[in-house]
Amino acid sequence: LHAVALGPDGATLFVARAVILASGRHAPVVAFGENDLPGIYSATAALTLWRGGISLGKRVALLGEGAAEDAFCSALDGHAEVLRVRATDVVRSAGRSRVSGIVLRSAEGERRERVDAIVVGGPGSPAAELAVQAGASLEFDALEGYRLRAEEGGVLGPGLYGTGSVIGAKDSAASGAATAARVRRDLGLG
């Protein structure tokens, strides 16, 4: 990969022997009716708002499981009620100009729960756009969707490496160490 840097003394061409991408994952999107109403947040966005002193309301529906979702529940403990919901049970959100409820399916039929916000969690999808533009390949998994095709050590292609959640790693620190070791080996640095 090449980059041109323009400065006061002219242009400099950089040729990278290795590029490591750690672009992470996109927030998850769950398909249900009216999933674009204001008042629907990713778990990480909801947690960031809460930590910034912004409340999402007194009762919040939470879809999905994971570290961000658990942290969100812990943060709200005693401050707001969290209604944990399976994403497969959601029919649609309710409200006109913003979320005022969630419609859920059950064995008895549909029921509406009053909530002030809906928080969507889960693994999301890899932020693979830069990697694909740089020559990496995607593969499709029926359960996870599209993901980068990475070899041992995060190799995505010649001189191109991915690390962390962009390649599906559960432990980003361990993935980073493995990728760094592979890059050092590939560059002959030990």
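Buried means under 20% relative accessible area, and exposed means over 50%, with partly exposed in between. The exercises below use a predicted model.

**Exercise 1.** Classify Glu-113 and Arg-111 as buried, partly exposed or exposed.

Solution.
- Glu-113 has a relative accessibility of 17%, so Glu-113 counts as buried.
- Arg-111 has a relative accessible area of 38% and is therefore partly exposed.
- The side chains of these two residues meet in a salt bridge, at 3.0 Å from N to O.

**Exercise 2.** Find which elements the salt bridge between Glu-81 and Arg-59 ties together.

Solution.
- The side chains of Glu-81 and Arg-59 meet at 3.2 Å, N to O.
- Glu-81 belongs to strand E7 (residues 81–85) and Arg-59 to strand E6 (residues 59–63), so the pair ties together parts 22 residues apart in sequence.
- Arg-59, at 14% relative accessibility, counts as buried, while Glu-81, at 43%, counts as partly exposed.

**Exercise 3.** Locate the two partners of the salt bridge between Arg-185 and Glu-152.

Solution.
- The closest N and O atoms of Arg-185 and Glu-152 are 3.4 Å apart.
- Arg-185 is in helix H4 (residues 172–186), and Glu-152 is in the loop between strand E14 (145–148) and strand E15 (155–157).
- Arg-185 counts as partly exposed at 47% relative accessibility, and Glu-152 is exposed at 52%.
- Elsewhere, salt bridges that share partners join Arg-59, Glu-81, Arg-111 and Glu-113 into one network.

**Exercise 4.** Describe the surroundings of Val-103.

Solution.
- Val-103 lies in strand E9 (residues 101–106) and is buried, with a relative accessible area of 5%.
- Beyond four places away in sequence, the residues Val-103 touches include Asp-89, Val-91 and Arg-112.
- Arg-92 is 11 residues from Val-103 in sequence and 5.3 Å away in space, C-alpha to C-alpha.

Key. Residues numbered from 1 in each chain as written. Predicted model: local features only at pLDDT ≥ 70, side-chain atom pairs only at ≥ 80, totals over all residues. Heavy atoms only, no water. Helix = DSSP H or I, 4+ residues; strand = E, 2+ residues; numbered from the N terminus. Buried < 20%, exposed > 50% of the residue type's maximum accessible area, 1.4 Å probe, protein only. Contact = heavy atoms within 4.5 Å. Salt bridge = Lys/Arg side-chain N within 4 Å of Asp/Glu carboxyl O.
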